[in-house]
Amino acid sequence: MTVEKNKIEMDDGFSEVVTLGIDDPLCLTSGECLSSFKIAYKCWGTLNGDKSNAILVCHALTGDQYACGQNPITGKEGWWPKLIGPGLAIDTDKYFVICSNVLGSCSGSSGPKEMNPETNEPYGLDFPVITIADMVGAQVRLIDYLEIDQLFSVIGGSMGGMQVIQWAVDHNTRVKTAIPIASTWRHSAQNIAFHEVGRQAIMADPNWQNGRYFETKNRPKAGLSVARMAAHITYMSEKSLTSKFGRNLQDREKLTFGFDADFQVESYLRYQGISFVDRFDANSYLYITRAMDYYDISAEFDGSLLAALDNTPVKFCIMSFTSDWLYTTEESREMVRALNAVGAQVSFVEIEMDKGHDSFLLECPEMFNIISGFLAAEARFDGSNSDE
Amino acid sequence: MNEGHNTHRASDIRIDLLLIANMIPEGSRVLDVGCGDGALLDYLRKKKNVDARGIELSPEGVKDSVSKGLSVIQGNAEEEITHFPDNRFDYVILSQTLQAMSRPDKILNELLRVGKRAIVSFPNFGNWRVRLHIMLKGTMPVTKSLDYPWYSTPNIHFCTIRDFVDLCDELDIKIEKGIGMDSSGSRMLFSSMILSNIFATQGLYVITRD
């Protein structure tokens, strides 16, 4: 493996940012190439001597590199705080944990918000359309840069799970175990449909300005907020919305016969939308949802999932949630059955949880136990041959 | 279905499971249908270097199996087994689970589709205590190892050893070996099916289509 000479910059002290692809452009699925790109990432724990304890954590659509610890931008906890840390399921006392902001996102890695080095102005829609495979391709460059030959594990939920599966298919010698959670092997028509609603909301906002809002004083906040509201409904279950809000009214005794947020659920969704626009870039939302829509791991294999997974040496541990109607158990089972059909090592659990797709981000001891058991058992096989 | 929890050492598996393990040659490809906490698969992998896979209904059992480093999928056995390719395994194990299947005949066919041989164990309802219980008390028996009342038991298809042998005959399944076990799970000395059907509390059969 060749390691390029790259410069590391500190991005406001929040995370490491490395510029990659200078000597070796990253050519994308679309055919376009990025002759240099930035990846912002965080690491926790210590890489061991033989570099066999590295775990890559992949984030979901609106996630970032701040998987654990405090997110310096929002001031809140990272997005997987109960899973990653000293003594937790992904134990940073044992493992070297890496989480990078995906290509196309807006938390320090190259994306539509960042400067195009060729024009010295933000990319906007000049940023090439990317795919999940391209996000993973950029992560491979980061792993090269960190001089790690093989990841002990790649783990992620939702879009993070798609990256996990892409890793296992495209780079199967560089990953030992794969843990896709609440995810799928291809985006369904329903998934694409929801994303299209979100994108149309953004592009219908007059402030969007064909993606060049950075040249104005305004941002397409209304559009992005509606996109987030619609998406947020898909992350929850009917049951969790009912138990959380029911038909309860928001700070009022009776209906107002107007279009204020009479119901708590409306107020909640509006808050979700408004708080999202402060931390996320509207163009990035377009790019990343597009990458997810294009995702179909079988596409390169004439539509055969079996062919995509054939001969994989990667050991899988797949999880789904009973109440997840966005990425259903059935979709995970299709993947499990295909892996069994090709003789791969795969474990699968459907976890009983009523919180919908977002269950994977919540306190879920069952999920934590399975991950820690799976990783510990694999580490045991790795480390020594002792049985007991 | 899985009584043998807390098996920290691989050598500590239940005696009836040990009987099954002893029938499996080194290096075989094995599927355990209803593998519980994975104790048998764990033992087989460590002692006989088998390629071990499992199907288990309870998430708790899958979690325990995964913690042992086993590849086990959670799901309904009768549904999940249909998704495995033909002749994928050398041995398929169905231990103490046949009576809980909605169609025992179909599952036997499936076991022998995905595996060259199947090892099936089941409680024997032809046992004299069961016969006596029904004759004298006139109620469905509730035993220590099968302690469910008739209306809520998951064990919906009890059979006798003779029933099992007859079913194999009907399905053109060849019985390679048949063993009667006593209540401790140990092998009984006699090999006669008629005696087993009266005295054994469990039947253990190796079947094949070859």
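Predicted model: local features only at pLDDT ≥ 70, side-chain atom pairs only at ≥ 80, totals over all residues.

User: What is the phi of A:Asp251, and in which loop does A:Asp251 lie?

Analyst: A:Asp251 has a positive phi of about 45°, although this residue is not a glycine. It belongs to the loop between helix 5 (238-244) and helix 6 (264-277) of chain A. With 8 other C-beta atoms within 10 Å, A:Asp251 falls under the limit of 12 or fewer and is therefore exposed.

User: What makes A:Ser158 buried or exposed, given its place in a loop?

Analyst: A:Ser158 is found in the loop between strand 12 (151-157) and helix 2 of chain A. The word buried requires 20 or more other C-beta atoms within 10 Å, and A:Ser158 has 27 such neighbours, so it counts as buried. Leaving aside its neighbours within four places in sequence, A:Ser158 is in contact with several residues, among them A:Ala60, A:Leu61, A:Ala182, A:Tyr327 and A:His357. A:Tyr327 is 169 residues away from A:Ser158 along the chain, yet their C-alpha atoms are separated by 7.6 Å.

User: How do you know whether A:Val169 is buried or exposed?

Analyst: A:Val169, which lies in helix 2 of chain A, has 23 other C-beta atoms within 10 Å; the cut-off for buried is 20 or more, so A:Val169 is buried. Not counting residues up to four places away in sequence, A:Val169 touches A:Ile297, A:Ala308 and A:Leu309. Its C-alpha atom is separated by 9.8 Å from that of A:Ala133, 36 residues apart along the chain.

User: What span is expected for helix 7 of chain A, and how far does the helix reach?

Analyst: Helix 7 (residues 282-294) reaches 19 Å from its first C-alpha to its last, close to the 18 Å expected at 1.5 Å a residue.

User: Why is chain B described as compact?

Analyst: Chain B contains eight helices and seven strands. Its radius of gyration is 16 Å, close to the 17 Å that the globule rule gives for 210 residues, so chain B is as compact as a globular protein of that length. Along its principal axes the C-alpha trace spans about 50 × 35 × 35 Å, and buried residues make up 44% of the chain. Of the contacts in chain B with a separation of 6 or more, 63% are between residues 24 or more positions apart.

User: How do you know which parts of chain B touch chain A?

Analyst: Residues are in contact if their C-beta atoms lie within 7 Å, and by that test 17 residues of chain B are in contact with 24 residues of chain A. Helix 3 (59-67) and strand 3 (71-74) of chain B each supply at least two residues of this side, and the largest share, five residues, comes from helix 3 of chain B. By class, the side of chain B that touches chain A has eight nonpolar, five polar and four charged residues.

User: Into which domains is chain A divided, and how many residues of each are in contact?

Analyst: Chain A is divided into domain 1 (8-187 + 297-383) and domain 2 (191-289), whose C-alpha centres lie 26 Å apart. Across the boundary, 25 residues of domain 1 are in contact with 20 residues of domain 2.

Terms used. Residues numbered from 1 in each chain as written. Chains lettered and ligands numbered in written order. Contact = placed C-beta atoms within 7 Å. Helix = DSSP H or I, 4+ residues; strand = E, 2+ residues; numbered from the N terminus. Nonpolar A, V, L, I, M, F, W, Y, C, P; charged D, E, K, R; others polar. Expected span 1.5 Å × (residues − 1). Rg over C-alpha atoms; globule rule 2.2 N^0.38 Å. Domains from an automatic or database assignment.
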